[in-house]
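Subject: Structure handover

Hello,

Here is the structure for you to look over. My notes follow below it.

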Amino acid sequence: MPKAEIDALTAEFFGAFDNRGGKAADVARIRRLLLPGGVIVSTGPEFAAYTVEEFIEPRERLLAEGRLTEFSEWETSERTDIAGDIASRFGEYRKSGILDGEPFEGGGTKTIQFVRTEEGWRISAFAWYDRP
C-alpha cells in the first residue's frame with residue numbers, strides 16, 4: 001500500500017508544473033506535498049539550494065506569465081525503497097515545453113525523500129540533476 005501512495009504523490013508532484021493546453025499550472029500544491037521545512041536542491045548544471053517558498057515563487061511566475069508554455073515533466077523510470085515510515089525514490093525523468101517561444105526537451109535524475117506523517121506521506125526533501 002505505501003508504494004501506491006508514494007507513486008500517487010510523485011505523480012501529483014510532477015503534475016504540479018503541467019500547463020499544457022492552456023491550463024494553469026498548480027505549483028502552489030507543492031506546499032501541500034512537501035513538509036514546510038523541506039529541502040530542495042538542484043545540482044546541475046548550476047548548484048542551488050532552496051526553501052519551499054524560494055522554489056515555488058519563481059516557478060509559479062515562469063509558468064503563469066507565459067514565458068514557459070506547453071510544459072510537462074514525467075518519470076521514465078524509478079526505484080523506491082520503503083522502510084517503515086521513510087522512503088527514498090531515485091528516478092529518471094523527461095520534460096518538454098516552449099520557453100520564450102522556443103521548443104525544448106530535456107531530462108535528468110531526481111531523488112525524492114518521503115516520510116509518513118499523521119496526514120499521510122509527504123516529501124521531506126528532493127534533489128535533481130538536469131542533464132546538459
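A cut-off comes up several times below: a residue counts as buried under 20% relative accessible area, as exposed over 50%, and as partly exposed in between. Please keep in mind that this is a predicted model.

Glu70 has a relative accessible area of 36%, so Glu70 is partly exposed. This residue lies in strand β3, which covers residues 68-83. Its backbone deserves a look. Glu70 is not a glycine, yet its phi is positive, at about 50°. For context, most residues other than glycine have a negative phi.

Asp100 also has a positive phi of about 50°, and Asp100 is not a glycine either. Asp100 sits in the loop between β4 and β5 (102-117). With a relative accessible area of 47%, Asp100 is partly exposed.

Next, Ile98. This residue belongs to strand β4, residues 86-99. Its relative accessible area is 28%, so Ile98 is partly exposed. Which residues does Ile98 contact, leaving aside its neighbours within four places in sequence? They are Arg67, Leu68, Thr69, Glu70, Pro103 and Phe104. Gly66 is 32 residues from Ile98 in sequence. In space, C-alpha to C-alpha, Ile98 and Gly66 are 9.5 Å apart.

Now the whole protein. The secondary structure comes to three helices and six strands. Along the sequence, the pattern reads α-α-β-β-α-β-β-β-β. The C-alpha trace spans about 45 × 30 × 25 Å along its principal axes.

Some totals on packing and surface:

- Buried residues make up 39% of the 132 residues.
- Among contacts with a separation of 6 or more, 51% are between residues 24 or more positions apart.
- The accessible surface is about 7,200 Å², and carbon and sulfur atoms account for 55% of that.
- There are 17 positive and 24 negative side chains. The centres of these two sets lie 2 Å apart.

If you open the model, begin with Glu70 in strand β3. Then go to Ile98 in strand β4, and on to Asp100 in the loop between β4 and β5.

Best wishes

Key
Residues numbered from 1 in each chain as written. Predicted model: local features only at pLDDT ≥ 70, side-chain atom pairs only at ≥ 80, totals over all residues. Heavy atoms only, no water. Helix = DSSP H or I, 4+ residues; strand = E, 2+ residues; numbered from the N terminus. Buried < 20%, exposed > 50% of the residue type's maximum accessible area, 1.4 Å probe, protein only. Contact = heavy atoms within 4.5 Å. Areas by Shrake-Rupley, 256 points an atom, 1.4 Å probe, with all protein chains shown as cover. Lys, Arg positive; Asp, Glu negative; His and termini not counted. Charge placed at Lys NZ, Arg CZ, Asp CG, Glu CD.
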